[in-house]
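Please keep the structure in view while reading.

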Amino acid sequence: MGRAVTVATCALNQWALDFEGNLERIFRSIDIAKSKGARYRLGPELEICGYGCSDHFYESDTLLHSFQVLEKLLESPATQDIICDVGMPVMHRNVRYNCRVIFLNKKILLIRPKISLANSGNYRELRWFSPWSKARQVEEYFLPRIIQEVTGQETVPFGDAVLATKDTCLGTEICEELWAPNSPHIEMGLDGVEIFTNSSGSHHVLRKAHARVDLVNSSTAKNGGIYILANQKGCDGDRLYYDGCAMISMNGETVAQGSQFSLDDVEVLVATLDLEDVRSYRAEISSRNLAASKVNPYPRVKVNFALSCPDDLAVPTCMPIQWRHHSPEEEISLGPACWLWDYLRRSKQAGFLLPLSGGIDSSATACIVYSMCHQVCLAVKNGNADVLADTRRIVNDGTYIPEDPREFCKRVLTTCYMASENSSQDTCNRAKLLAEQIGSYHISLNIDAAVKVVVKIFSVVTGRTPKFFVYGGSSRESLALQNVQARIRMVLAYLFAQLTLWARGMPGGLLVLGTANVDESLRGYLTKYDCSSADINPIGGISKTDLKSFIQYCIENFQLTALRSIMSAPPTAELEPLVDGQVAQTDEADMGMTYAELSIYGKLRKIGKAGPYSMFCKLIDIWKEIFTPREVASKVKHFFRMYSVNRHKMTTLTPSYHAENYSPEDNRFDLRPFLYNSSWSWQFRCIDKQVSKLEKKEGISTVEDVD
């Protein structure tokens, strides 16, 4: 009796609507799986068309081209003698479903539609798909003619069923179904399904990977079984980075782990596992066996095929391994770097331009690009032909081999320090030294002439000349003069991005990198259409606190000693005049709150779903040792005033790498108004009443209003 089954799962760097490239990567994964003896191959969610097609799912073209790709897969000799499980959209009775199409030897065995759709945070699956709501039911699906001609089938089963092979039983889950409280694997396992598969489109968030791994392992810890998870990887066309982590688990323990971050477009995991280990594990769980006797059975699609070989006593099986998680600092170093690489090669640009101010945010962005260069050199050293080909196209040199990250960085990263009369020599020196250490092509320029021309135009038209606050001007004048500097820098950044390589006699253009962190965006501490306005922003979803930890990581791991002085310097925009040659302006003083406080506000607002009153109620307990209720009220009110006044800036926010669950990005993650009544009169009055009650209880004389 066959007991050892060999199965394969994969992480593929698919790209929305890149049917040609997606097909090629699917074929490569199948070839690798077969070469390693696998009899079943699982791919990521919607791998044929790409997960991120968004409103393109409405188009009949997307459905047509998906079936055309399926036709190529079905008729290819490469897919013979292995069960292939691929993802694509399917229209059944005029309803669009997110499906798995499972086939073997030119025959479709089952089309399994998704039951639980992801529809929160970054996910909007209910916009494009309907969930299959007929539990344990199948219907006839009439195949398109191009598929009928290959398979010889007119109809195939469509619905909630499992596959019964000669030696075992397989059941399908799709991404969100693993996270649902009533996951299908629970009752499938009670009904005798021994192998569970999950094809995912799960994106990276800092500190999230362990949750996915724990869910997979716990799914088989209580019920026994083999769990196979495939995932998308890379940037498939938007703000998300899908972080791979394909894995295989048995009886609550990981037996195969894929990488979370890599530049490999195709990664395949293969494991050989003993079915008798599942059966003996389940046999002694009496509570499971009692529940199994009452379960409603799933429809079974019989498959005349085995995942094992008859004579397999000598076949070695996989043993449990310990999952190795990345630290948050490693995640920041690797995730955004891989995302930048995908964006660079797929946009067909020649590199990046980064306005480097000598502060933490722009320096962290420079370090992420430098990390990308490290990843490219390592991938080429390990024989990745795709990365080498992309590199040669980017640098326009058919013989180039990237070996030194600093040398490669000089080819793909241009840094630019844009000084003004308000800039200090310290930040200029810090930017220059960091550029030297990472190897970027560095430019220093002065924007004063351009700023004076713009202000002069205003003065000629109005007859008034604005002044900085320290020179007797109003706060309105001072803010306008700061914004002129910031916006001039944006204009110059794009000019140099377009023409720097031309001036150097080289082809191509550069992508402008933004450097606003998630906390500044939340508070609105940025000038609309300044250097925060860029093509992409690798740190836009990362907190200031995490960026500081990342900078320390870079000091230790990349030996970038220039970062030490950057770490120790107080964050500053350097837009106001110097005092005695020294910077007098600091970010936290301007904002009226610390970055640490901003992170707390952000998590309570988004993750904790707290409005002003709820946030106040939570913070009087969290901060009870350091602030009075009246002080907490003042801080909460200030945050919500600033947040609501500046919310309009989120409508033009540069597309950013999504890494934090309290991101204020309003493209699809954080959907809020951008025109608020910023007085919050009702909400703030509730806070005032609560402060008065607390102060009365403590015997403190109350004041009617809390600022």
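The model shown here is a predicted one.

**Enclosed and open spaces**

The second largest cavity is lined by Arg239, Gly540, Gly541, Leu653, Ser656, Tyr657, His658, Ser663, Pro664 and Glu665. Its volume is about 60 Å³. Sorted by class, its lining residues are three nonpolar, five polar and two charged.

The largest cavity has about 70 Å³ of space. Around this largest cavity stand Tyr51, Gly52, Cys53, Ser54, Asn122, Tyr123, Arg124, Glu125, Trp128, Tyr242 and Arg668. Five of these lining residues are nonpolar, three are polar and three are charged. In total, the model has five cavities of 30 Å³ or more.

Pockets are the open kind of space. The second largest pocket has a lining of 19 residues, and those nearest its centre are Ser120, Gly121, Tyr123, His203 and Asn661. Tyr123 is also one of the residues that line the largest cavity. Two helices, α5 (176-179) and α21, each give at least two residues to the lining of this pocket.

| Space | Volume | Lining by class |
|---|---|---|
| Largest cavity | about 70 Å³ | five nonpolar, three polar, three charged |
| Second largest cavity | about 60 Å³ | three nonpolar, five polar, two charged |
| Second largest pocket | about 520 Å³ | seven nonpolar, eight polar, four charged |

**Nonpolar cores**

Which residues touch the most other members of the largest nonpolar core? They are Phe352, Met372 and Phe408, in a core of 62 residues. Helix α11 (residues 360-381) supplies the largest share of this core, with 13 residues. Leaving aside residues up to four places away in sequence, Met372 touches Ala337, Leu340, Trp341, Leu344, Phe352, Phe408 and Val412.

**Helix α21**

Helix α21 covers residues 595-607. Does the distance between its ends agree with the expected span, or disagree? The 13 residues, at 1.5 Å a residue, should span 18 Å, and the end C-alpha atoms are 17 Å apart, so the two values agree.

The buried residues of α21 are Tyr595, Glu597, Leu598, Ser599, Tyr601, Gly602, Leu604, Arg605 and Lys606. The elements that cover them include α17 (518-523), α18 (544-557), α20 (587-591), α22 (612-622) and α23 (629-646). Just after the helix, Lys609 has a positive phi of about 55 degrees.

**Two further residues with positive phi**

Asn94 is not a glycine, yet its phi is positive, at about 70 degrees. Asn94 sits in the loop that joins β3 (83-92) and β4 (95-104). Is Asn94 buried or exposed? Its relative accessibility is 73%, and the cut-off for exposed is over 50%, so Asn94 counts as exposed.

Trp680, also a residue other than glycine, has a positive phi near 45 degrees. Its place is the loop between α23 and α24 (681-697). Trp680 counts as buried because its relative accessibility is 10%, and buried means under 20%. Both Asn94 and Trp680 thus lie in loops, but Asn94 is exposed, whereas Trp680 is buried.

Technical notes: Residues numbered from 1 in each chain as written. Predicted model: local features only at pLDDT ≥ 70, side-chain atom pairs only at ≥ 80, totals over all residues. Heavy atoms only, no water. 1 Å grid on protein atoms, 1.4 Å probe; cavity = no way out; pocket = protein on both sides within 12 Å on 5 of 7 lines; lining within 4 Å. Points joined across faces, edges and corners; volume = space filled by probe spheres on them. Nonpolar A, V, L, I, M, F, W, Y, C, P; charged D, E, K, R; others polar. Core = buried A, V, L, I, M, F, W, Y, C linked by side-chain atoms within 4.5 Å. Buried < 20%, exposed > 50% of the residue type's maximum accessible area, 1.4 Å probe, protein only. Helix = DSSP H or I, 4+ residues; strand = E, 2+ residues; numbered from the N terminus. Contact = heavy atoms within 4.5 Å. Expected span 1.5 Å × (residues − 1).
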